[in-house]
Every structure is written in structure tokens, then in C-alpha cells.
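The exercises below are meant to be worked through with the structure in view. Please try each task before reading its solution.

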Amino acid sequence: MNTKLLGSSLIIAGTALGAGMLAIPMVLAQFGLLSGSLLMLLIWSGTTYAALLLLEASIKVGGGLGMNTIARKTLGKGGQVVTNGLLYALLVCLLMAYIIGAGDLLQKLTTGFGFELSMLHSQIIFTVLAGCIVAAGTGVVDKLNRILFLIMIAVLIITLCALIPGMSFNHFFEATNNSNIDLIKTSAVLFTSFGFFPVIPSLVSYNDKASHKQLRNMVLLGSLIPLGCYLLWLYAVVGSLSAEQLVKFDNVSILIDALSTRFAGIHIILSVFTGLALLTSFLGVAMSLFDQNVDLFRQNRVVTYVLTFILPLLGAIFAANQFLSVLSYAGLILVFIAVFIPMLMIHNIRKSTQTVSSSGYQVAGGSFAMLMSLLFGCFLIGAQLI
């Protein structure tokens with residue numbers, strides 16, 4: 001794997017790793033580490049398989065095309081309209097949430113340096129500057145994301161090292177809730193935490209000289225990195241705080257405050273991590289929406305810039321205090337666009353020779369794996385409705 005492919009894997013990982021990582025211990029600790037870890041592995045495997053299906057579809061219809069073109073070639077006009085609608089709803093909701101979160105962090109940061117910025121100005125400044133990076137192209141996003149991701153991993157390692165000395169292994173075996181139904185309900189949080197699929201068509205185009213095996217390994221590595229980070233963070237937090245404490249927390253700031261009372265400096269460290277996580281996630285999602293607009297509207301980059309960022313920015317301005325609510329709306333949409341849509345694309349591609357190129361790439365597992373993917377999607381829908 002060359003540096004370009006490695007950078008692409010880091011874009012996948014950076015898109016997945018968001019502020020939701022800090023919420024994982026709060027929702028899983030009450031069920032014990034074994035049950036929580038097994039559920040996370042289930043969500044990771046189902047999400048990664050669905051992402052590989054989208055990779056196969058992207059390769060077989062010509063490689064690196066946006067979701068708009070992939071949907072038109074595999075699902076027809078009706079499927080294209082549905083796919084575009086779901087994808088836009090998802091990406092706009094995610095960008096709104098990231099702008100809200102990043103604007104809040106930027107406002108607090110500037111206040112600490114003696115500058116007074118309103119929430120409106122903070123959101124506009126963040127969106128304009130981060131949007132310029134995205135508009136500069138995937139190559140620029142790749143290079144910047146490598147630096148940001150390495151800093152984020154370094155911050156995570158520092159955090160883990162600070163937490164380890166005070167950990168109690170007795171906490172690992174605590175479980176205050178034995179309800180399987182309640183455990184299943186947490187699937188939505190975990191699934192959203194692996195929501196990296198929109199960047200795949202852009203990365204296939206960016207790595208146009210790579211082999212199919214290299215592209216597959218790019219996706220696998222990109223999904224394994226956040227899985228490892230989530231599990232390490234879960235173990236560190238659960239070992240540091242009891243399940244009784246964690247189950248009482250209802251937002252990330254309370255978790256950070258609780259850790260700060262025991263470990264000096266952890267508040268600053270986790271605030272830096274949260275900011276980096278929001279920025280890397282924003283870059284990945286915004287890159288996907290930008291390339292989707294290029295594919296759909298075929299305008300110059302200035303017009304595409306406005307089309308990409310004006311709606312999420314307006315939404316963030318008018319929903320400034322709805323960070324978690326906006327993310328919850330994205331969860332249900334994500335199931336359809338990340339699981340069911342790629343599965344339908346591959347079903348049509350494999351039964352038809354009209355849309356298939358000479359590529360022989362195919363995700364392993366055959367019909368049985370496709371059936372498991374269908375059941376996985378149904379499981380996620382059920383988890384959000386029960």
C-alpha cells in the first residue's frame with residue numbers, strides 16, 4: 001500500500017471517528033465489556049461489508065463516479081432520485097451537526113484567547129475555511145487529513161496513558177443492565193460511528209491507478225482503525241469510571257468533566273481530540289457532498305462550493321442548539337443509504353451484464369453474505385424503532 005492509499009484509509013478512518021466516539025462508553029458500559037464489544041464487532045462487520053459492496057459498484061460502473069451516476073447506471077431513474085434524496089438528507093444533516101459542534105468549539109477557543117465571536121460568526125468562519133480546503137480537491141484533503149489524524153491519534157494515546165494508571169479492572173466485569181433489548185437499542189449510536197461510506201466513490205476516483213485488491217485493503221484498513229480506537233477508548237473509560245457513574249451521564253461534556261476531576265489536564269486533551277474529530281469528519285463528509293454535486297450539476301468549483309455549503313450552513317444557523325437531534329435524524333437515513341442501496345446496486349449489477357465493465361472484482365460471500373446484509377439492515381431499522 002502506497003502513501004496515497006494509506007492517506008485514503010486515514011480519510012475513511014477520520015470520517016468515521018467523530019465526537020460520537022466519546023458517547024460510546026456512556027451507552028455500552030452498563031451492559032458490560034463483553035456484550036458491548038461483541039455488538040460493536042457485529043456493527044463493524046456489517047458496515048464494512050456494505051462499504052465493500054459500494055466499492056464493487058463504484059468499480060464496475062466505471063470507477064470513482066459519484067453516487068448519482070452509480071445509482072443511475074444500476075438502479076435506473078427512480079433509484080437515482082431516491083438515492084440522491086437520501087444521500088443529500090444524510091450529508092446535509094451530518095454537515096449541519098459538524099458545523100454546530102465546530103462553531104461551538106471555535107467560539108469557546110477564541111473566547112479563551114480574549115476574542116469575542118458570536119455563534120453565527122464562528123459557524124460562518126469554520127464553514128468558509130474548511131469549505132475552501134474541500135474545494136481545493138481530494139489531494140489537499142488527503143495531505144491535511146494525514147497530519148490531523150496523526151495528531152488525533154497522538155492525543156488519544158496521551159489520553160489512554162493518563163487513564164491507565166488509575167484504571168480498576170473490577171469495572172470491566174460490572175453490568176448494571178442485562179436487558180438485551182436495551183443493548184440492541186444502542187446499535188444506532190454504534191452504526192453512526194462507522195458512517196464512512198460516502199467517501200468511497202471519491203477515493204476510488206482519487207486512487208484511479210490502484211488495483212482492486214489495493215482498494216479493498218484501503219477500505220478494510222480504514223474501517224479497522226476506528227474499530228481499534230473505539231475499543232481502546234471503551235476499555236479505558238470503563239476501567240476509570242464505574243458503570244453506575246457512566247449510566248447517569250447524558251452528554252459528552254459531563255463525561256469529560258467527570259474524567260477531569262480525576263486526571264489533571266484531561267479536559268484540554270479531550271477538547272482538542274473532539275475538535276480534531278469534528279474537523280476530520282467534516283472534511284470527509286463535505287468532500288463526498290462536493291463530489292456528488294460535481295457529478296450531478298457539473299458546474300465550476302465556485303458554483304459547486306456554494307451549492308455544497310450554503311444549505312448545511314443555513315441549517316446550522318437555524319438549529320444552533322440541536323447537535324444531537326440532527327445526528328439522530330441522520331441515523332435512520334444512514335441505514336437505507338449505507339446498507340440497502342449498495343445491496344440493491346450489487347444485486348442489479350450481478351444479474352445484468354449491461355452495467356458491468358470488464359472488471360472481475362466481486363466482494364466475497366455471494367448470496368449468503370447478501371442475505372446477511374439484508375438481515376443486518378433490518379436489525380438496524382428494528383433497533384431504532386423498538
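## Exercise 1: helix 1 and helix 10

In this predicted model, helix 1 (residues 3-16) and helix 10 (residues 212-240) pack with their axes 8 Å apart and at an angle of about 40°. Helices here are DSSP runs of H or I of at least four residues, numbered from the N terminus, and axes are lines fitted to C-alpha atoms over the stretch in contact, with angles running from 0 to 180 degrees between N-to-C directions.

Task: Work out how helix 1 and helix 10 are oriented to each other, and which classes of residue make up their contact.

Solution. Begin with the angle classes: under 35 degrees counts as roughly parallel, over 145 as roughly antiparallel, 65 to 115 as roughly perpendicular, and the rest as oblique. Helix 1 and helix 10 are therefore oblique to each other. Next comes the handedness, which is right-handed if the near helix is turned clockwise from the far one by less than a right angle, and left-handed if anticlockwise; helix 1 passes helix 10 in a right-handed crossing. The contact (heavy atoms within 4.5 Å) involves residues including Leu5, Leu6 and Ile12 of helix 1 and Met218, Leu221 and Ile225 of helix 10. By class, the residues of this contact divide into 13 nonpolar, 6 polar and no charged, where Ala, Val, Leu, Ile, Met, Phe, Trp, Tyr, Cys and Pro count as nonpolar, Asp, Glu, Lys and Arg as charged, and the others, Gly among them, as polar.

## Exercise 2: helix 3 and helix 16

Task: Describe how helix 3 (residues 33-60) and helix 16 (residues 366-385) cross, and state whether the crossing is left-handed or right-handed.

Solution. The axes of helix 3 and helix 16 come within 10 Å and cross at roughly 120°, and the two helices are therefore oblique to each other. Their crossing is left-handed. Among the residues that meet are Leu39, Ile43 and Leu53 in helix 3, with Met370, Phe376 and Phe379 in helix 16. The contact has 10 nonpolar, 4 polar and no charged residues.

## Exercise 3: confidence

Task: Find how confident the prediction is on average, and where pLDDT stays under 50.

Solution. The average pLDDT (the predictor's confidence in each residue, from 0 to 100) is 84, and 92% of the residues score at least 70. Over residues 354-358, however, pLDDT stays under 50, and the model has 8 contacts beyond four places in sequence for them.

Residues are numbered from 1 along each chain as its sequence is written, and side-chain values use heavy atoms, with hydrogens and water left out. Because the model is predicted, local features need pLDDT of at least 70 and side-chain atom pairs count only at pLDDT 80 or more, while totals for chains, interfaces and linings use all residues.
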